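Please have the sequence and the structure open while reading.

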Amino acid sequence: MQGALSIALQREDVVLPGDLALRKAVQLAYQLDHVPSQQEVLAIAEKWRPYRSLATSYLFSAAFEPAKAPPVTSRET
């Protein structure tokens with residue numbers, strides 16, 4: 001239900017603590033040695049208010065989109 005609120009209704013302050021993908025994204029972003037519980041995600045997400053939907057979106061993007069390689073520069077010697 002919360003996912004539908006954040007997307008369809010464009011709510012700015014919705015977090016999905018039960019979403020395993022979000023929990024894994026939080027684990028990566030915060031360099032945790034474990035997948036955080038729903039309660040841990042909620043505690044961490046308090047800092048994101050009032051834009052928790054946006055923060056969630058950024059976490060999904062950062063964690064699950066392939067990283068771009070830095071540009072290769074040629075050096076003439």
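In this predicted model, the buried residues of helix 4 are Arg52, Ser53, Ala55, Thr56 and Leu59. Seen down the helix axis, these buried residues fall within an arc of 160°, so they line one face of helix 4. Tyr58 and Ala62, on the other side of helix 4, are exposed. The helix itself covers residues 52–64, and its 13 residues reach 18 Å from the first C-alpha to the last, close to the 18 Å expected at 1.5 Å a residue.

Leu54, also found in helix 4, is partly exposed, with a relative accessible area of 43%. Together with Tyr51 and Tyr58, Leu54 forms a nonpolar patch on the surface, and the three have about 350 Å² of accessible area together.

A search of the whole structure finds 4 salt bridges, among them the following pairs.

| Salt bridge | Closest N to O distance |
|---|---|
| Asp13 and Arg49 | 2.9 Å |
| Glu46 and Arg49 | 3.0 Å |

The salt bridge between Asp13 and Arg49 links distant parts of the chain: Asp13 lies in the loop between helix 1 (2–8) and helix 2 (20–29), while Arg49 lies in the loop between helix 3 (38–45) and helix 4, 36 residues apart.

Methods. Residues are numbered from 1 along each chain as its sequence is written. This is a predicted model: local features need pLDDT of at least 70, side-chain atom pairs count only at pLDDT 80 or more; totals for chains, interfaces and linings use all residues. Side-chain values use heavy atoms; hydrogens and water are left out. Patches are made of residues with over 30% relative accessible area and no salt bridge: like charges are joined within 9 Å, nonpolar side chains (Val, Leu, Ile, Met, Phe, Trp, Tyr) within 5 Å. Accessible areas come from the Shrake-Rupley method with a 1.4 Å probe; for residues, only the protein chains shown count as cover. A salt bridge is a side-chain nitrogen of Lys or Arg within 4 Å of a carboxyl oxygen of Asp or Glu. Helices (H or I, at least four residues) and strands (E, at least two) are DSSP runs, numbered from the N terminus. Buried means under 20% relative accessible area, exposed over 50%, partly exposed in between (1.4 Å probe, protein chains only). The expected span of a helix is 1.5 Å times one less than its number of residues. The arc is that of the directions from the helix axis to the C-beta atoms.
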